[in-house]
Amino acid sequence: MSLSVQNLTVSYGAHLVLNDLNVAPLEQGSFTALLGPNAAGKSTLFKSISGLIKAQSGEVILEEKNLNTCSKMQRSRDIIYLPQSFYSSLALSVFESVLVSLKQKTGWRVKHADIQEVAHVLSLLNIGHLSERSISELSGGQKQLVALARILVVKPKVILLDEPTSALDLHHQLSILSVIKKLTVERGFITVAALHDVNLAAKFCDQIILLDKGVIQTQGDAHKVLAMPELGQAYNVRTTLEETRKGQLYLDAELLTPQSAYA
């Protein structure tokens, strides 16, 4: 199973956002980081892949099938997009919210296996203790974890995460990305996460897609992309790839002066 994008063009009125964009096949069990500066088109790309917005042209291919030929219901079962802002009924408890997400995909009769699966996912994300809490009582970071649980419980083929760590502290960033990485491999998801922290991408992701000015600037093995000058050019900084004592790659960045700017 693989996901690819071919010749995708998306505009908002007269404003061209994605211009004949191509994404090489992303394979089952892979965790990919989508990098790029603000307004590069990352959220638009995710919405286009998931079918939330209509492209002017181009194709999204999953398992050799053009998703433009699929119904919205089928596309929503295969591809789930988690935006930066999570909306759920504030009247529901955490457990109920995740259970509702599961039953929307499998029918409304609740089975013992459903209860076990919800409890398992909440435990994986270390939020089992929040099960009976109302969504309205949660912090922004806790709501983001619940939103992730609602995705993981339905086991889609493709998961698109728009800044999944933006409301989390360092401990929870590492914890959640570790869980996402683990489940991506174990359950055979194709996972793509838009990240601002390049070093989190280096630590957890198999490959990197760099999006800038509406086109893919480069795509490939994470360590190779991190060493490319295109990365610094996209963010208008100078980057240096270094290695920690534990052998983990680390990207150092500094602002460019007019004299040192890229040509």
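Modeller: Lys-182 counts as partly exposed, at 43% relative accessibility. The classes are these: buried is under 20% relative accessible area, exposed is over 50%, and partly exposed is in between, with a 1.4 Å probe and protein chains only. Glu-186, at 53%, counts as exposed.

This is a predicted model, in which local features need pLDDT of at least 70 and side-chain atom pairs count only at pLDDT 80 or more, while totals for chains, interfaces and linings use all residues. Residues are numbered from 1 along each chain as its sequence is written, and side-chain values use heavy atoms, without hydrogens and water.

Now join the two residues. Glu-186 and Lys-182 form a salt bridge, with their closest N and O atoms 3.0 Å apart. The term needs a side-chain nitrogen of Lys or Arg within 4 Å of a carboxyl oxygen of Asp or Glu. Both residues sit in helix H6, four residues apart, so about one helical turn separates them. Helices (H or I, at least four residues) and strands (E, at least two) are DSSP runs, numbered from the N terminus. Elsewhere, salt bridges with shared partners join Glu-63, Asp-78 and Lys-157 into one network. The whole structure has eight salt bridges.

Lys-181 meets Asp-206 in a salt bridge, 2.6 Å from N to O. This pair links distant parts of the chain, 25 residues apart: Lys-181 is in H6, and Asp-206 is in the loop between helix H7 (198–204) and strand E9 (207–212). Asp-206 is partly exposed at 33%. Lys-181 is partly exposed too, at 23%.

What about buried charges? Asp-114 and Lys-103 form a salt bridge, with the closest N and O atoms 2.6 Å apart. Asp-114 belongs to helix H4 (residues 112–124) and Lys-103 to helix H3 (residues 94–106), so the pair ties together parts 11 residues apart in sequence. Asp-114 is buried, at 10%. Lys-103 is buried as well, at 4%.

Six strands make an open sheet in the order E6-E7-E8-E3-E9-E10, with mixed pairing. Two strands pair if DSSP finds at least two bridges between them. Strands E6 (79–82) and E10 (215–221) are the edges, each pairing on one side only. Strands E7 (residues 158–162) and E8 (residues 190–194) run parallel, joined by five bridges. Leu-161 has Ala-193 in E8 as its bridge partner. Helix H6 (residues 170–187) packs on this sheet and touches strand E3 (31–35), E7 and E8. Contact here means heavy atoms within 4.5 Å. The direction of H6 makes about 130 degrees with that of E3. Such angles run from 0 to 180 degrees between N-to-C directions, along lines fitted to C-alpha atoms, for helices over the stretch in contact.

A pocket is an open set of points on a 1 Å grid over the protein atoms alone, where a 1.4 Å probe fits and protein lies on both sides within 12 Å along at least five of seven lines; lining residues have an atom within 4 Å of a point. The largest pocket is lined by 32 residues, and nearest its centre are Ser-50, Leu-52, Ser-76, Ile-79 and Tyr-81. E6 gives the largest share of this lining, four residues.
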